[in-house]
Amino acid sequence: MGISSAVSHQRSLWSRWTRLRWLTSFHRRISAEQSVISAPGMLQQRKPPGVPVSVVSRPWGLRPRGRRAFHTASSSFQEVMLTSERYRVQRLPFSRVSDSDVAFFERVMPGRVITNPEELKPFNVDWLKSVRGCSKLMLKPQTTAEVSQVLRYCYERNLAVNPQGGNTGLVGGSVPVFDEIILSTALMNRIISFDKVSGILVCQAGCILEKLNEYLEEQGFIMPLDLGAKGSCHIGGNVATNAGGLRLLRYGSLRGTVLGLEVVLADGSALDCLMSLRKDNTGYDLKQLFIGSEGTLGVVTAVSILCPQKPKAVNLAFLGCQSFAKVLETFTTCRAMLGEILSAYEFMDEKCMELVEKHLKLSSPVTGSPFYVLIETSGSSSTHDKEKLNNFLEQAMTSGLVTDGTVATDDKKIKTLWSLRERITEALTHDGYVYKYDISLPVGKLYDLVMDTRARLGRSAKNVVGYGHLGDGNLHLNITAESYSHSLLDAIEPFVYEWTARYNGSVSAEHGLGFKKKQFIQYSKPNEAVFLMQRFKAMLDPKGILNPYKMLPSSS
């Protein structure tokens with residue numbers, strides 16, 4: 001075959017992949033194919049087994065990528081049991097907010113002091129509707145100076161403070177346990193600077209992740225992290241929890257992309273480490289103390305972060321696999337063949353897809369497989385990337401790794417496909433009370449935990465599902481029930497953590513420990529490490545006013 005005809009053939013083959021659905025097991029799906037032929041707007045060509053069958057894609061029954069919002073859960077605020085009652089927590093001896101305290105805060109930030117119980121309700125309850133505090137006061141500072149004044153006063157008065165960003169956390173770390181003052185960063189949403197040469201963004205902590213990404217896209221850049229909660233979460237909260245997300249496989253964690261921080265300590269002193277340098281080897285890297293500290297060591301008020309250039313070519317493949325072993329082999333193959341353009345590799349089981357369809361009315365263009373994988377490529381040359389992806393897909397088909405799939409290249413369909421993965425968390429909230437576990441494990445062991453948990457719980461659980469970031473060994477294990485059950489919780493914990501520790505995993509891959517997981521830190525960290533963390537806490541926050549009852553077990 002000559003060069004020109006080879007190129008023509010390549011383009012034609014790619015056109016089929018991006019425009020049409022493809023199948024590999026022809027004989028298994030004869031009846032399905034025959035029904036498709038008669039469907040309006042559908043066209044199908046019969047080909048021998050092992051060769052792609054091209055059909056015009058069915059109408060996409062999906063909505064754009066969603067954001068976490070309080071109205072999505074099934075429970076109302078009033079129905080959520082108080083955290084202190086459900087978990088039998090004893091209040092620490094902090095002072096209680098008085099009228100004189102409120103008057104002081106009104107002088108510091110007039111009109112930005114919230115005391116109305118109705119206005120406070122959504123900020124006292126987490127997004128999952130699983131924990132609830134009873135704070136009577138929320139403060140909304142706009143500057144670091146105001147945060148400093150607030151914390152200095154609270155430190156002197158021994159008033160506990162609960163820093164809060166977008167309140168999209170999943171482990172109870174973002175809402176009060178008792179009556180802690182909620183310190184919201186919602187109005188700290190100013191972009192301070194952006195350097196187009198270096199790609200370094202400096203902004204306040206309350207900037208919403210999605211808004212930052214939209215701003216950067218206009219400059220030809222993107223944020224190095226992407227989350228399902230992008231429409232609500234704040235960059236300060238992302239940093240404070242060391243959020244992982246969908247782009248970690250390509251761009252790494254926030255510990256590598258965050259260049260500097262501005263933080264206000266418990267006593268109100270401001271620590272300005274807001275560097276915008278890629279390299280700074282002078283002394284201890286103090287910002288790392290606050291990344292992932294969940295608001296227990298200081299309040300992040302500003303962030304300097306390195307942002308990659310916006311890819312010129314993005315492709316998304318949504319594939320069906322017949323076993324988890326095939327999911328793993330597909331990952332090994334795509335990592336080897338796609339190399340530098342591989343930006344995401346997500347997996348989900350069929351139960352996840354059933355819940356997304358049932359509760360959110362989203363329809364997948366690929367059905368009938370026990371497992372699904374979502375593969376994203378991003379690069380600078382569409383021709384180069386399409387060729388590499390096409391070669392991988394041909395290899396995956398002919399070797400029997402995948403049995404069904406679809407490819408999207410335009411932005412609308414890419415976002416639509418991502419919705420299937422990103423909105424699983426939302427779908428789960430509609431299925432009942434959710435027990436969530438965010439685990440890191442050796443990749444080969446990821447789904448074994450799901451199967452063992454399913455077998456252990458039997459009919460006592462409504463659904464046991466598994467999905468996550470397979471590319472970096474992160475499993476999201478979710479168990480649903482009609483309502484909260486202490487006996488079911490006892491059957492899950494510490495079983496899940498013991499299982500994880502047996503294979504040298506981590507009990508929190510990206511969500512943090514918050515309130516719900518703090519007592520299980522020893523399954524991932526030795527006692528000496530936990531003790532050292534407690535010493536850091538005691539040094540930076542001697543009175544323990546910052547986000548109490550969270551992240552670390554109580555000191556003896």
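**Figure 1. Trp499 is a buried residue in this predicted model.** The relative accessible area of Trp499 is 2%; buried means under 20%, exposed over 50%, and partly exposed in between, with a 1.4 Å probe and protein chains only. Tyr503, at 26% relative accessibility, counts as partly exposed. Residues are numbered from 1 along each chain as its sequence is written, and side-chain values use heavy atoms, with hydrogens and water left out. Because the model is predicted, local features need pLDDT of at least 70 and side-chain atom pairs count only at pLDDT 80 or more, while totals for chains, interfaces and linings use all residues.

**Figure 2. Phe347 and Tyr447 form an edge-to-face aromatic pair.** The structure holds 22 aromatic pairs. Rings of Phe, Tyr and Trp (its six-membered ring) pair if their centres lie within 6.5 Å; planes under 30 degrees apart count as stacked, over 60 as edge-to-face, and the rest as tilted. For Phe347 and Tyr447 the centres are 6.3 Å apart, with 80 degrees between the planes. The pair links distant parts of the chain, since Phe347 is in strand 13 (residues 342-349) and Tyr447 is in helix 17 (residues 446-457), 100 residues apart. Helices (H or I, at least four residues) and strands (E, at least two) are DSSP runs, numbered from the N terminus. Both Phe347 and Tyr447 are buried. By comparison, the ring centres of Trp499 and Tyr503 are 4.6 Å apart and their planes stand at 45 degrees, so that pair is tilted.

Figure 3. Contact means heavy atoms within 4.5 Å. In soluble globular proteins, nonpolar side chains tend to be buried together.

**Figure 4. Two charged side chains sit over tyrosine rings.** The charged end of Arg86 lies over the ring of Tyr484, 4.2 Å from its centre. Lys543 has its charged end over the ring of Tyr155, 4.6 Å from the centre. A charge sits over a ring if NZ of Lys or CZ of Arg is within 6 Å of the ring centre and within 35 degrees of the ring normal.

**Figure 5. Helix 13 has its buried residues on one face.** In this helix (residues 350-360), Cys352, Met353, Leu355, Val356 and Leu360 are buried. Seen down the axis of helix 13, the buried residues fall within an arc of 160 degrees, so they line one face; the arc is that of the directions from the helix axis to the C-beta atoms. An α-helix has 3.6 residues a turn, so residues three or four places apart point the same way. The elements that the buried residues of helix 13 pack against include strand 12 (313-321), strand 14 (371-379) and helix 15 (411-422). Just after helix 13, Lys361 takes a positive phi of about 60 degrees.

**Figure 6. Strand 17 pairs with strand 13 and with strand 18.** Two strands pair if DSSP finds at least two bridges between them. Strand 13 and strand 17 are antiparallel, with 2 bridges, and Met348 has Tyr467 as its bridge partner in strand 17. Strand 17 and strand 18 (residues 474-481) are also antiparallel, over 7 bridges; here Val465 is bridged to Asn478 in strand 18. The hairpin of strand 17 and strand 18 has 4 residues between the strands, and Gly473 takes a positive phi near 70 degrees there. Strand 17 is mostly covered, with 7 of its 7 residues buried.

**Figure 7. Ser304 is buried in strand 11.** Strand 11 spans residues 299-306, and the relative accessible area of Ser304 is 0%. Not counting residues up to four places away in sequence, Ser304 touches, among others, Ile200, Val202, Leu259 and Met275. Ser304 and Ile192 are 112 residues apart in sequence and 9.5 Å apart in space, C-alpha to C-alpha.
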